[in-house]
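Please inspect the entry shown below before reading the points.

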Amino acid sequence: MRVTFTVNGREQSADDVWEGESLLYVLRERLGLPGSKNACEQGECGSCTVYLDGVPVCACLVAAGQAEGRAVRTVEGLADGGALDPVQEAFAECGAVQCGFCTPGLVVQTHDLLARVPRPSDAEIREALAGNLCRCTGYEKILDAVRLAAARKAEGAGYE
């Protein structure tokens with residue numbers, strides 16, 4: 001089947017998609033958007049988190065056909081041209097990026113959190129990121145990055 005949907009603001013199509021093919025596979029292998037990572041393929045780690053019609057989802061659990069006619073925004077779509085999103089910048093600055101496998105999902109989830117809760121408490125941050133697993137950082141640098149991005153958002157430092 002052919003699947004057509006909007007990805008990061010552009011209409012995209014993928015041909016010969018089989019009915020069990022995941023949105024994650026289509027994004028990575030057919031559309032050349034490798035940002036979302038394929039880690040567990042069971043929706044347990046959060047590495048493949050993308051927005052689907054503005055709601056964060058694990059792309060590995062969404063059949064590609066379910067995205068037909070819908071809007072997908074990936075971690076690549078958070079950047080504005082050559083400028084990184086403030087969440088992406090904060091993760092890089094705070095050293096919250098190590099192996100990079102969990103980072104795309106954490107960035108998308110953090111982006112969503114800060115859109116809903118501009119000044120989250122540590123408990124709110126932990127709750128929002130609970131579905132994202134990291135095996136490298138010990139989470140403290142990730143929390144630092146979320147706090148920094150929230151502070152910059154509160155200051156209006158180039159945040160959407």
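The structure is a predicted model, in which local features need pLDDT of at least 70 and side-chain atom pairs count only at pLDDT 80 or more, while totals for chains, interfaces and linings use all residues. Residues are numbered from 1 along each chain as its sequence is written, and side-chain values use heavy atoms, with hydrogens and water left out.

**Domain interface**

- The domain assignment, automatic or from a database, gives domain 1 (3–77) and domain 2 (86–157).
- Their centres, taken over C-alpha atoms, are separated by 21 Å.
- Contact (heavy atoms within 4.5 Å) takes 16 residues from domain 1 and 14 residues from domain 2.
- Domain 1 and domain 2 bury about 1,200 Å² between them, 58% of it on carbon and sulfur atoms; this is the accessible area (1.4 Å probe) that two parts lose on being put together, summed over both.
- Seven residue pairs, both at pLDDT 80 or more, are in polar contact between domain 1 and domain 2.
- A polar contact is a pair of N or O atoms within 3.5 Å; within protein, one must be able to donate a hydrogen and the other to accept it, and residues adjacent in sequence count only if both atoms are side-chain atoms.

**Residue Q88**

- Q88 lies in helix α2 (residues 86–93), helices being DSSP runs (H or I, at least four residues) numbered from the N terminus.
- Q88 has a relative accessible area of 12% and is therefore buried (under 20%, 1.4 Å probe, protein chains only).
- The side chain of Q88 reaches the backbone nitrogen of D85 at 2.7 Å.
- Not counting residues up to four places away in sequence, Q88 touches V75, L78, A79 and V107.

Technical notes
Helix = DSSP H or I, 4+ residues; strand = E, 2+ residues; numbered from the N terminus. Buried < 20%, exposed > 50% of the residue type's maximum accessible area, 1.4 Å probe, protein only.
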